Structure formats: C-alpha cells, structure tokens
Amino acid sequence: MPADPLGQLRHERVDHRFKALPPDADGLTVAELAAERRSLFTGGFTTPVLALSAESVEHNLDLLQSYSERHGLVFAPHGKTSMSPQLFARQLERGAWGITVAVPHQARVLRAHGIQRIFLANELVDPAALRWLSAELDRDPDFRFVAYVDSVRGAELMDRALTEAGARRPLEVVVELGAGDGARTGARTEAECAAVADAIAATTTLRLVGVAGYEGEVPDADGDRVRAWLRRLVALAAGFDREGRFAAGSDVVISAGGSAWFDAVADVFAEIPALSRPVLKLLRSGAYVSHDDGHYRHLTPFNRVPDEGALRPAFRLWAQVVSRPTPGQAFLNAGKRDAAYDLDLPEAQVVRDAETGEIRPATGIEISGLSDQHGWVKTAPDADLEVGDWVGMGLSHPCTAFDKWQLIPLVEADGTVTDYIRTFF
C-alpha cells in the first residue's frame, strides 16, 4: 500500500469526474483547491452541490466517541455510511478500535488506506474474497480481521476456500445470532449457533472469538424487545465461554449496535458478567458522522437520553430554481442522482436569494417529488421563490447521500470550503 494514502488523496487532480466543483479549478490538486478556501456560493461551484458542515461533523465525531468511552464500549463505526478514508482517519484519531464494513470491496478500500482492524458485519463465503483476505493476513501480522458466520455450510465454505488458498493465519470469526423470525441474517436459535460453533471448531482455518448481531432487525422493535434480544446475545456469549468454545489467547468479542438503539446496547452490555477472559464490547454505529434531517433525526437514541448530548445534521444539498411555471410550482436542478430519497424526500430548509445573497427560511416551500435530475417543489401563495434562487435542503439517510458524491465540500458556517471529502463506493 502507498506510504501515505491519505496524502495521495490530497494530490488527486480536480476535473470533470467530480460533480459541482468549479470548472476553473480543473487541474488543481484537492489540496490546492482547499487552500484557496473558496466560498460555496460565490467561488464558482455549480449546482446541485452537496455540502458537509465542518462544525457538525467535528461535533458528531467527538460526541459518539466520548459516549462510547463513557459507557465502556469499544467503537468500530460502520464505514459503509461514508466510505471516506478521511473520515475513517478522524474516527481512529479519536480512539476508534477499528472500522466496520459490510462487503469485501469495502474492506479492500480500508486496507488500501492503512486500516489495521476491520470488523466485517456480514457473512463472507466468496472464495475470491477469502483468497485476498488470506493473503492480507499472511502479509501483515498486525492486521486484525473479524467476520460473521451464521451457518454450518458457511463455515465449511470458508474453510475450503482458506485451505485452498494455503492460509497460514486462521481467520477470526463471530457467530451471528439472528434478531428473530423474518429478520435478516443470523442463526435463529441458540442450538443453531452452537452447531455453527462446532463447525468452526472442526476447522484449522477459523478461530471463534465471539458473538454478534444487529438489534435493528428485531421485529416490531421497541426498547423492551431490543433489550431482550441483546440479553440473549450476552447469554449466548456467556454460555459459549463456560463451554470453552472460544479460541485460546483471544479476547471475547460481543458486538451489536446500529444508529437507532445504541443506548440499549450500552445498557445491556453494562450487564455483561465476568467471563474467563477480557471482553471487547464492540459498538458499530455509523450514521452518526453526518446524522440527518429525517430518518435518524427521529430514531436517534439521544432523543431518549438527551442528557448524553445531541447529534447535528451535517448534510445540506444546494440546488437552483430553474423553472417556476405556475404560482404553486417550481423545479430545482437536483433529483434522484443527487439526493437521498429511499427513506424520505429532501426537506427544504433555506433559500439563498439570487440577487442579494441573503439566506432566509424556506417558508411555504415543500419538496414533493424527485425525477432523475429535477426536484419537484410545491409552493404556498406566500412563498418567496424565484428562478435563480438556491434552495438548501436537509436529507434523510446518510448512507444513500454519501454514495452519490465522490468529492464533497466540507463547509464552515460562513460558507467557506475548507476541505473535500473523498468517497469510494
């Protein structure tokens, strides 16, 4: 891997590949463009343009790391949200144990940027991916990788692929406990989990180091149901420990935690009894980095525990009014190619006047639909909106906002762009 992969990102040349960046910046490096500290509004950026609030990102990074430390949790934030090595680096600088991923490609991005601890919160049975992983583990003795297993068949496929690859280091795995009937992946019963553990023990290529799952898939989730499932997970780990199922010389990994129930994870993981060896209480929440103005604004556990702090939405998508065909209707030049829309439509928040540059609340303005490249806007009779105005919108669901933009301006409150966040989807 390159000696300074993050530094290489700053030397990447700006050109037509990156949406919304100033046309007159073509040929500059990212570092050179950042050093110019252009204004998002007057510095030549074209609309639509997605911006990340520098202040909100920093606040959110600090908040969840301090929350984890306060509750005795080890933090491995989910990287699928941003797929941004720059943000991963900031998470690690604040004390994150490592980064979580969902698929092999994401793990390859992390390794290309020097990440030494990766937790794969998913099953891994692809022979090609396992060959690559085996080579990485053999090449770098300091690299730690942990993956899910939820079936005897899965353990057998992993063993076959790793054996054929000539793996010298065994792969660390955790048994995934499913969140219930009709939920996503995971063995459904404790007996099935034990059978998976037996299958792992029958190999020389796999080491069982813990148990894990995702409480966000608990059917009809509420606080009581989520905590009940988390206690099942803890009891499974305690039972495996009593039975001597965990590999010698390893800590016991117990992992859960999306972005909607990390308060429940903190509560139940605080009850984990003493085991025969140290426990790694691994939290994986990832959407907190940018938070949002929709789905996670309503679901965040900080709504239930306000004394612990509050996350701040960091995304704002700016688009321009390009058509005002009737008094009750307008169209923006941003659509499905630019905005997250899988959970909620964007929320009109502010308008920047095309003539004066004044920013005012988006009173009487509602995003009613999205085409590929247009935002449909309903306007009330008193709405102050003209062709040429910019509309700033809040977004719902960070994961599907990040993945539409390869280079995202990081913007201070006054509109100054201080950096550019590179993503790899």
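I started with the largest cavity, which has a volume of about 50 Å³. A cavity here is a set of points on a 1 Å grid over the protein atoms alone where a 1.4 Å probe fits but cannot get out. Grid points are joined across faces, edges and corners, and a volume is the space filled by probe spheres set on the points. I listed the lining, meaning residues with an atom within 4 Å of a point. Among the residues lining the largest cavity are Glu176, Ala183, Arg184, Tyr214 and Trp229. By this rule I get two cavities of 30 Å³ or more.

I noted the ground rules. This is a predicted model, in which local features need pLDDT of at least 70 and side-chain atom pairs count only at pLDDT 80 or more, while totals for chains, interfaces and linings use all residues. Residues are numbered from 1 along each chain as its sequence is written, and side-chain values use heavy atoms, with hydrogens and water left out.

Next, the largest pocket. A pocket is an open set of points with protein on both sides within 12 Å along at least five of seven lines. The volume of the largest pocket is about 480 Å³. I find 25 residues lining the largest pocket, and His78, Lys80, Arg184, Tyr214 and Gly258 are the closest to its centre. Helix α11 (295-299) gives the largest share of that lining, three residues. Helices (H or I, at least four residues) and strands (E, at least two) are DSSP runs, numbered from the N terminus.

I then traced the sheet. It is open, has eight strands with parallel pairing, and runs β2-β9-β8-β7-β6-β5-β4-β3. Strands pair if DSSP finds at least two bridges between them. The edges are β2 (74-75) and β3 (99-101), each pairing on one side only. I checked β2 against β9 (residues 279-283): they pair in the parallel sense over two bridges. Val74 stands opposite Leu282 in β9.

Two helices held my attention. Helix α8 (residues 190-201) lies across β5 (144-149), β6 (171-176) and β7 (206-212), at about 165° to β6. Axes are lines fitted to C-alpha atoms, for helices over the stretch in contact, and angles run from 0 to 180 degrees between N-to-C directions. Helix α10 (residues 262-269) is mostly covered, with seven of its eight residues buried. Buried means under 20% relative accessible area, exposed over 50%, and partly exposed in between (1.4 Å probe, protein chains only). The cover over the buried residues of α10 includes α3 (54-70), α9 (223-242), β8 (252-256) and β9.

I looked up Gln86 in helix α4 (residues 85-93). Gln86 is buried at 12% relative accessible area. Its side chain reaches the backbone oxygen of Tyr420 at 2.8 Å. Leaving out residues up to four places away in sequence, Gln86 touches Leu6, Leu9, Asp419, Tyr420, Ile421 and Arg422. Contact means heavy atoms within 4.5 Å.

Last, the backbone. I found a cis peptide bond from Thr47 to Pro48, with omega near 0°. Pro48 lies in the loop between α2 (30-35) and β1. Ala20 has phi near 75°, a positive value in a residue other than glycine. Ala20 is buried, with a relative accessible area of 8%. Asp220 has a positive phi too, near 50°. Asp220 is exposed, with a relative accessible area of 65%.

Conventions. Polar contact = N/O pair within 3.5 Å; in protein donor to acceptor, adjacent residues only side chain to side chain.
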